[in-house]
Amino acid sequence: MEIQILCRKLIIPSAPTPPHLRILKLSPVDQVQYSVKPPFLFYYSADSSSTNSTGSTEKVERRRINRLETSLSETLTRFYPLAGRYMEDGNWVDCNDEGAEFFVAKVKGRLVQVILSRRDEMIDELGHLAGGASTSPVASVQVNMFDCGGVVIGIRVSHRLFDGFSAISFVTSWATASRQGMDEDVVWPTFAMANSILPVPANDLDLPKMRPRPPLMGTDNGVTKRIVFDGAKISALRAISHDPSFPRQPSRVELVTALIWRALMRVSRAKHGGSLRTSSASHAINSRPRIVPPLPPLPLGNLQSRVTTTFMAAADSGGGGGNTEVDDKLPELKDLVGLLMDSITKSKETFVSREDVYPTLLRRKNEIHEAVEKGEVDVFMFASLCRFPIYQVDFGWGKPVWVSRVHAPYEATFLFDAEDGDGIEAWVSFNKRDMPLFLRDTYILAFTSKSNHLMSKI
């Protein structure tokens with residue numbers, strides 16, 4: 001697959017940012033995020049009807065690019081920090097309207113080739129230009145135009161500014177502006193949450209002393225693999241994980257998390273001489289609905305909390321002297337599902353006051369950092385965008401046939417809805433040396449699908 005860069009420019013807001021909004025001080029939670037720009041890639045099939053009826057492919061592409069540029073400029077007026085620059089020395093964003101990075105690329109080949117192969121290196125190429133360090137444009141876009149008329153839009157936003165909820169809110173707003181224009185009645189996002197809405201303790205002693213973040217994996221050490229659980233496989237998984245004591249049916253996310261967690265435990269056991277270690281599955285959750293009193297509409301920034309579920313290994317599971325057939329046996333899948341259900345249910349019933357938001361979020365994040373630093377417990381990170389409206393992102397030529405991400409530079413599992421809405425795609429970033437053993441797990445092999453559901457849509 002050959003990619004030719006046609007242009008690179010900066011898209012500035014359609015209206016200047018007011019002077020009193022020029023400086024955006026990052027919150028204590030923003031400041032401890034990785035300086036990375038997580039990617040989302042949205043894949044759109046060729047609109048043959050518009051191509052045939054309104055002119056050549058080149059003219060259609062030009063109109064689409066113009067629409068994307070204009071609507072992005074309009075959207076940046078409301079999401080003004082994304083046109084600014086991150087100042088690492090002071091942990092703030094200079095909302096100077098220098099612009100978001102915008103690439104246009106021509107791809108020789110057909111979109112169906114990418115969809116069918118879903119090869120990591122091909123997917124990475126569709127989003128790698130829209131990268132950069134933390135001091136580069138905090139938002140970057142790469143529009144890939146295929147010979148067949150298909151389009152892939154890669155979007156990266158700095159994690160120092162936005163969590164997943166915020167990034168999807170931006171993409172959805174931009175798509176709406178492209179499809180139908182800016183609606184003056186739409187709710188504007190709320191920035192500058194620190195102090196103006198969520199109090200920051202005046203005394204630093206009231207905030208946890210943060211442990212170092214776990215180191216990022218280099219590209220030589222890490223690898224990301226995509227595994228798919230279709231609706232039928234998840235139904236079968238739910239059947240074998242059933243327990244009459246469960247107060248409700250486990251969700252798709254709980255089931256898939258339990259299966260992947262168990263497979264990761266198996267890898268850890270093999271690495272530690274057959275000894276099963278205590279381990280935790282830590283899920284990122286959106287804390288906004290659990291803050292009281294309620295926040296203003298569309299509050300953006302990093303407001304993710306963590307729900308951590310721990311499986312305690314047997315006390316005498318120390319390898320060597322233990323009976324590995326008993327002490328170091330992997331837990332039943334339903335036991336992990338039950339643990340996850342219990343902790344997730346409790347988290348949904350727990351509310352936090354505005355005054356306690358930052359201390360609480362930092363404390364939970366610090367607990368994970370400390371556990372990783374000590375190395376006595378395995379900590380496996382998860383995040384889910386299931387039920388987020390990623391398949392509703394329509395820029396004016398239809399909804400995406402697929403949404404993906406690319407390699408993450410840290411060990412974590414990201415869960416997306418599959419195209420049909422019933423299944424789940426899991427993007428697992430893991431140590432390259434250990435990934436083959438993970439993929440050979442019995443449950444991974446039994447409950448993942450290799451079928452491709454996009455053939456009828458391309």
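Contact here means heavy atoms within 4.5 Å. Helices (H or I, at least four residues) and strands (E, at least two) are DSSP runs, numbered from the N terminus.

This is a predicted model, in which local features need pLDDT of at least 70 and side-chain atom pairs count only at pLDDT 80 or more, while totals for chains, interfaces and linings use all residues. Residues are numbered from 1 along each chain as its sequence is written, and side-chain values use heavy atoms, with hydrogens and water left out.

**The chain as a whole**

Twelve helices and 17 strands are found in the chain. Of its 458 residues, 55% are buried (under 20% relative accessible area; exposed is over 50% and partly exposed is in between, with a 1.4 Å probe and protein chains only). Among contacts between residues at least 6 apart in sequence, 80% join residues at least 24 apart.

**Two helix pairs**

Two packed helices are described by the angle between their axes and the distance between the axes. Axes are lines fitted to C-alpha atoms, for helices over the stretch in contact, and angles run from 0 to 180 degrees between N-to-C directions.

| Helix pair | Residues | Angle | Axis distance |
|---|---|---|---|
| α3 and α6 | 57-78 and 164-180 | about 125 degrees | 8 Å |
| α8 and α9 | 252-271 and 333-348 | about 125 degrees | 9 Å |

The angle of about 125 degrees between α8 and α9 makes α8 oblique to α9. Angles under 35 degrees count as roughly parallel, over 145 as roughly antiparallel, 65 to 115 as roughly perpendicular and the rest as oblique. The crossing of α8 and α9 is right-handed, a term used if the near helix is turned clockwise from the far one by less than a right angle, with anticlockwise giving left-handed. On the α8 side the contact is made by E254, L255, T257, A258, L259, W261, R262 and M265, and on the α9 side by L333, L336, V337, L340, M341 and I344. These residues divide into eleven nonpolar, one polar and two charged. Ala, Val, Leu, Ile, Met, Phe, Trp, Tyr, Cys and Pro count as nonpolar, Asp, Glu, Lys and Arg as charged, and the others, Gly among them, as polar.

Helix α3 also passes α6 in a right-handed crossing. From α3, the residues R67, L68, S71, L72, T75 and L76 meet F170, S173, W174, A177 and S178 in α6. Six residues of this contact are nonpolar, four are polar and one is charged.

S71 lies in helix α3 and counts as buried, because its relative accessibility is 2%. Leaving aside neighbours within four places in sequence, S71 is in contact with W174, A177 and S178.

R266 lies in helix α8 and counts as partly exposed at 23% relative accessibility. Apart from neighbours within four places in sequence, R266 is in contact with L330, L437, R440 and D441. R266 and D328 are 62 residues apart in sequence and 9.9 Å apart in space, C-alpha to C-alpha.

**Nonpolar cores**

A nonpolar core is a set of buried Ala, Val, Leu, Ile, Met, Phe, Trp, Tyr and Cys residues joined through side-chain atoms within 4.5 Å. The largest has 68 residues, of which Y43, L82, I153 and F170 touch the most other members. Helix α6 gives the most to this core, with six residues. Not counting residues up to four places away in sequence, F170 touches L72, T75, L76, F79, L82, I155, V157 and F162. Another core, of 38 residues, lies apart from it, and L259, A281, F380 and F430 are among its members.
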